[in-house]
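Me: Hi! Could we go through the salt bridges in this one together? Here it is.

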Amino acid sequence: EKGGYKHFMAKEIAEQPVVLADALRHYLPKSGLNMPDELDFSNIDRIILIACGTAHYACAVAKYWFEEFARIPCEIDVASEFRYREPPLSARSLAIFVSQSGETADTLAALRYCAENVAKTVAVVNVPSSSIAREADIALPILAGIEVGVASTKAFTAQLLVLAVMALKAGRDRGQIDDEILSAHTEALRSLPGLLNQAMSLSEPIAKLAESLAEAQDILFLGRGPMYPLALEGALKLKEISYIHAEGYASGELKHGPIALIDRSVPVIVMAPHDRLFDKTVSNMQEVMARHGMVLLASDAKGLQIAGDGTWAQIQLPEIAEPFAPILYAVPAQLLAYHTAVAKGTDVDQPRNLAKSVTVE
Ligand code: M6R
């Protein structure tokens, strides 16, 4: 059942190229975007994305896409805050609920709060028979197959893929994205299975780095733009299974506090493809190195060539279209967490105190 892998998590990380290829066949067939007709963004004036944990970070990435491709104001929240805040809703909002299990209590309660009070509720779920899928107006399956590891991996990248196609549809429905850009983006999404496959070859070198990371007390993750939520996800994954304290920050926030933590013992993992804000991230990284922080830079060939000097370690990813980098960089983030936990000897698939599905508050 683990298909020759030591842990379900390792198997589920490795399955991602195939999972994404399946989801692409469904949502981006040759004929174009395949999304239900009733999912129409033309008269929507706001998007609300609600979830918990890793699914919330998928929403946080998607916010960048909805705003960039469709120019729709987009709000994200964790379900437990949203439901009790009882925010005002508007009839022209579209509310999206993301949940692997489809049974998370807070997310379900947030969906019930929105039902009847927004234009449409949409569920992005892995389990099509789940409560969240049944109660939403529209349910979009992520088609990831059963996820056993408590640490969510393939569900995260599959959620991102479905949200990316939704954001492209939103851009098209609203006339915000021209055909040329739309086809460039769909091509980029179609290249993901191959790119994720290449990223899987990083498993061995990452396992070596993980031996040092396993010694750390605290680890920081930095990212900018859509890579910022990925930094949060990398930190969550690592703390869940290795029990090392980890935090994700927007790179630009470093000097507003967390830089005080930096010394020789603190690894700082910078997730930074060579994008339009790369120079700014490099200067944040140099501030860390000036304080003897151990920088691990994950970037592409160009980024590493420009900024690799003085780093403790480097991870080279293939090049990818800027908006979709979080989908590719999820793989090294997951592998870092996985191998660090293995090096520490913790229970990777059943970490202490955690349940796969949080059906009580
Ligand atoms: O089933 P859901 O996607 O609604 O679960 C949400 C979170 O409980 C879940 O993502 C949790 O954070 C994972 N353990 C993360 O790896």
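Me: Which residues are linked in a network of salt bridges?
Reply: In this predicted model, the network joins Arg-46, Glu-75, Asp-77 and Arg-85.

Me: Nice. And how many salt bridges does the count come to?
Reply: The count comes to 16 salt bridges.

Me: Let's look at helix α11. What does Lys-237 form with Glu-233?
Reply: Those two form a salt bridge, with their closest N and O atoms 2.8 Å apart. Both residues sit in helix α11 (residues 227–242), four residues apart, which is about one turn of the helix.

Me: Is that Lys-237 buried or exposed?
Reply: Lys-237 is buried, at 1% relative accessible area.

Me: OK, on to helix α7. How far is it from N to O between Lys-169 and Asp-173?
Reply: The distance is 2.8 Å, and their side chains meet in a salt bridge. They are four residues apart in helix α7 (residues 154–173).

Me: And why does Lys-169 count as buried?
Reply: Because its relative accessibility is 6%, and the cut-off for buried is under 20%. Asp-173, at 22%, counts as partly exposed.

Me: Last one, helix α8. Which side chain does Arg-190 meet in a salt bridge?
Reply: That would be Glu-187, at 3.0 Å from N to O. The pair lies in helix α8 (residues 179–190), three residues apart, again about one turn of the helix.

Me: What's the relative accessibility of Glu-187?
Reply: Glu-187 has 47%, so it counts as partly exposed. Arg-190 is partly exposed too, with a relative accessible area of 30%.

Terms used. Residues are numbered from 1 along each chain as its sequence is written. This is a predicted model: local features need pLDDT of at least 70, side-chain atom pairs count only at pLDDT 80 or more; totals for chains, interfaces and linings use all residues. Side-chain values use heavy atoms; hydrogens and water are left out. A salt bridge is a side-chain nitrogen of Lys or Arg within 4 Å of a carboxyl oxygen of Asp or Glu. Helices (H or I, at least four residues) and strands (E, at least two) are DSSP runs, numbered from the N terminus. Buried means under 20% relative accessible area, exposed over 50%, partly exposed in between (1.4 Å probe, protein chains only).
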